[in-house]
Amino acid sequence: MPRRAPARVRQGLRLRHPPDLRDQKEFTPALAAELSRLERTRGYLGPGVIRTALRLYREFLADPYRRLRVNSEGCGIWECCGDPREAREMLEGVLLALPARLTPEFRNYLQRIDERW
């Protein structure tokens, strides 16, 4: 029985990256895979936490008044009404956990976001 070529076998495989990080065009596939791996292996992270922190921080910077929810706790769910300062601190921790070859790419991405501030 003839053997299939490795390239032909790989064509049928599905990507293991979660769709939320893979679809972000600003990340290379290597960085998206590493962020996904960090979410799976670190106890203080969970699925989708990095994407949520990025969204919270970008939404805060997009608001022209940059208001925090000071008067109320909101609904109490971090994904909805989380503190953008905590999100930025968590992203800094993710930056420190990344391997050295991917750190510059993620740092440049965060600096582009921070320039809006």
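**Figure 1. Salt bridge of Arg88 and Glu92 in helix α6.** Arg88 and Glu92 are four residues apart in helix α6 (residues 84–97), so about one helical turn separates them. Helices here are DSSP runs of H or I with at least four residues, strands are E runs of at least two, and both are numbered from the N terminus. The two side chains meet in a salt bridge at 2.9 Å, N to O; the criterion is a side-chain nitrogen of Lys or Arg within 4 Å of a carboxyl oxygen of Asp or Glu. Arg88 counts as buried because its relative accessibility is 17%, while Glu92 is partly exposed at 34%. Salt bridges with shared partners join Arg88, Glu92 and Asp114 into one network. Buried means under 20% relative accessible area, exposed over 50%, and partly exposed in between (1.4 Å probe, protein chains only).

The model is predicted: local features need pLDDT of at least 70, side-chain atom pairs count only at pLDDT 80 or more, and totals for chains, interfaces and linings use all residues. Residues are numbered from 1 along each chain as its sequence is written, and side-chain values use heavy atoms, with hydrogens and water left out.

Figure 2. Glu34 is buried at 9% relative accessibility, whereas Arg37 is partly exposed at 31%.

Figure 3. Glu39 belongs to helix α3 (residues 29–41). Glu39 is buried but has no salt bridge, and the nearest side chain of opposite charge, Arg51, is 6.9 Å away. For this search Lys and Arg count as positive and Asp and Glu as negative; His and the chain ends are not counted. The Glu39 side chain reaches the backbone nitrogen of Val49 at 3.4 Å and that of Ile50 at 3.1 Å.

Figure 4. Helix α4 (residues 49–62) has 14 residues and reaches 20 Å from first to last C-alpha, close to the 20 Å expected at 1.5 Å a residue; the expected span is 1.5 Å times one less than the number of residues. Buried residues in α4 include Val49, Ile50 and Phe60. Glu59 forms a salt bridge with Arg55, with closest N and O atoms 3.2 Å apart.

**Figure 5. Contacts of Leu31.** Leu31, in helix α3, is buried at 0% relative accessible area. Leaving aside neighbours within four places in sequence, Leu31 is in contact with Leu98, Leu102, Glu105 and Phe106; contact means heavy atoms within 4.5 Å.

Note on methods. A polar contact is a pair of N or O atoms within 3.5 Å; within protein, one must be able to donate a hydrogen and the other to accept it, and residues adjacent in sequence count only if both atoms are side-chain atoms.
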